[in-house]
Amino acid sequence: MVVLYKILIETGITRKLIILIKMILTETYSRVRVGKNVSDRFPIRNGLKQSDALSPMLFNFALEYAIRRVQVNQDGLKLNGTHQLFAYADDVNILAGSIHTLKENAEALIAATREIGLEVSADKTKYMVMSRDQNAGRIQSVRIENSTFERVEEFKYLGTTLTNQNSIAEEIKSRLRSGTACHHAVQNLLSSRFLYKNLKIKIYRTIIFPVCFVWV
């Protein structure tokens with residue numbers, strides 16, 4: 001927690017707010033429920049409180065602090081001409097023009113997050129080679145320190161299916177299946193004679209259309 005408070009100070013959070021955050025996080029306890037059984041309470045010494053509205057914001061402060069400290073290798077692929085490492089919540093994506101650059105930038109990120117007490121989940125971390133050449137990048141896994149990252153041909157990132165051929169065909173199929181499922185879920189409402197047409201259009205626009213929409 002000491003590291004977190006230092007990060008908040010460097011970020012420019014006022015002393016009054018930091019004191020209030022300390023009061024919230026100090027001497028916190030939890031219980032575990034399994035079925036109808038509840039454990040004795042135990043103290044929380046590390047990490048943030050689950051389901052607490054403040055926890056995601058504090059986590060974002062810590063992760064952004066680590067990312068800003070990473071000195072990425074500027075060789076190779078860049079998004080919008082500048083960005084090679086970007087994150088949304090706890091989903092971090094690293095772009096690189098080669099396996100060597102990818103390993104260097106991943107090692108830098110792992111080192112930066114370790115300094116503030118965060119760890120990269122090796123089981124959830126994958127890497128993918130996006131190329132029109134199907135034989136590009138024959139290495140099936142990448143090993144960084146004590147973790148091995150599996151190579152995949154496709155994976156979901158922020159709800160969107162990405163493929164090694166940079167094709168949106170699978171994503172369109174997935175969205176259509178999800179849209180069909182949503183339609184079946186509200187079919188009784190859409191076919192009801194008791195609802196006005198404008199209300200049915202609102203149901204379609206808020207429930208079905210966002211699921212089917214694909215950026216092209």
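These are my notebook entries on a predicted model.

**Ground rules**

Side-chain values rest on heavy atoms, with hydrogens and water left out.

**Entry 1: the whole protein**

I looked up the elements and found seven helices and eleven strands. Helices here are DSSP runs of H or I with at least four residues, strands are runs of E with at least two, and both are numbered from the N terminus. The protein has 216 residues, and 25% of them are buried. Buried means under 20% relative accessible area, exposed means over 50%, and partly exposed lies in between, with a 1.4 Å probe and protein chains only. The protein exposes about 16100 Å², and carbon and sulfur atoms supply 54% of that. Such areas come from the Shrake-Rupley method with a 1.4 Å probe; for residues, only the protein chains shown count as cover. I also checked contacts, meaning heavy atoms within 4.5 Å. Among those between residues at least 6 apart in sequence, 47% join residues at least 24 apart.

**Entry 2: α1 against α3**

How do helices α1 and α3 pack? I noted an angle of about 75° between α1 (residues 2–11) and α3 (residues 55–69), with the axes 10 Å apart. That makes α1 roughly perpendicular to α3. The cut-offs are under 35 degrees for roughly parallel, over 145 for roughly antiparallel, 65 to 115 for roughly perpendicular, and oblique for the rest. Axes are lines fitted to C-alpha atoms, for helices over the stretch in contact, and angles run from 0 to 180 degrees between N-to-C directions.

Next I listed the residues that meet. From α1 come Leu4, Ile7, Leu8, Glu10 and Thr11; from α3 come Leu58, Phe61, Ala62 and Tyr65. By class, the contact has seven nonpolar, one polar and one charged residues. Nonpolar covers Ala, Val, Leu, Ile, Met, Phe, Trp, Tyr, Cys and Pro; charged covers Asp, Glu, Lys and Arg; the others, Gly among them, are polar.

**Entry 3: Glu27**

I found Glu27 in the loop between α2 (15–25) and β1 (29–30). Its phi is near 55°, a positive value in a residue other than glycine. Is Glu27 buried or exposed? Glu27 counts as exposed, because its relative accessibility is 69%.

**Entry 4: the β5 and β6 hairpin**

I saw β5 and β6 run antiparallel, joined by four bridges. Two strands pair if DSSP finds at least two bridges between them. Two residues lie between the strands of this hairpin, and Ala89 takes a positive phi near 55°.

Ala87 sits in β5 (residues 85–88). The bridge partner of Ala87 in β6 is Val92. Not counting residues up to four places away in sequence, Ala87 touches Leu63, Ile67 and Val92. Ala87 counts as partly exposed, at 38% relative accessibility.

Asn93 belongs to β6 (residues 91–94). Asn93 is buried, with a relative accessible area of 15%. Which residues does Asn93 contact, leaving aside neighbours within four places in sequence? I found Gln84, Leu85, Phe86 and Tyr157.

**Entry 5: the three-stranded sheet**

I traced an open sheet of three strands in the order β7-β9-β8, with mixed pairing. The edge strands are β7 (126–127) and β8 (141–144), each pairing on one side only. β8 and β9 (residues 147–151) run antiparallel, with four bridges. Val142 has Phe149 in β9 as its bridge partner. Helix α4 (residues 99–115) lies across β7 and β8, at about 40° to β8.

**Entry 6: β10 and β11**

I ended with β10 (residues 154–157) and β11 (residues 160–163), an antiparallel pair over four bridges. Phe155 is bridged to Leu162, and Lys156 to Thr161. The two strands form a hairpin with two residues between them, and Leu158 in the turn has a positive phi of about 55°.

Note on methods
Residues numbered from 1 in each chain as written. Predicted model: local features only at pLDDT ≥ 70, side-chain atom pairs only at ≥ 80, totals over all residues.
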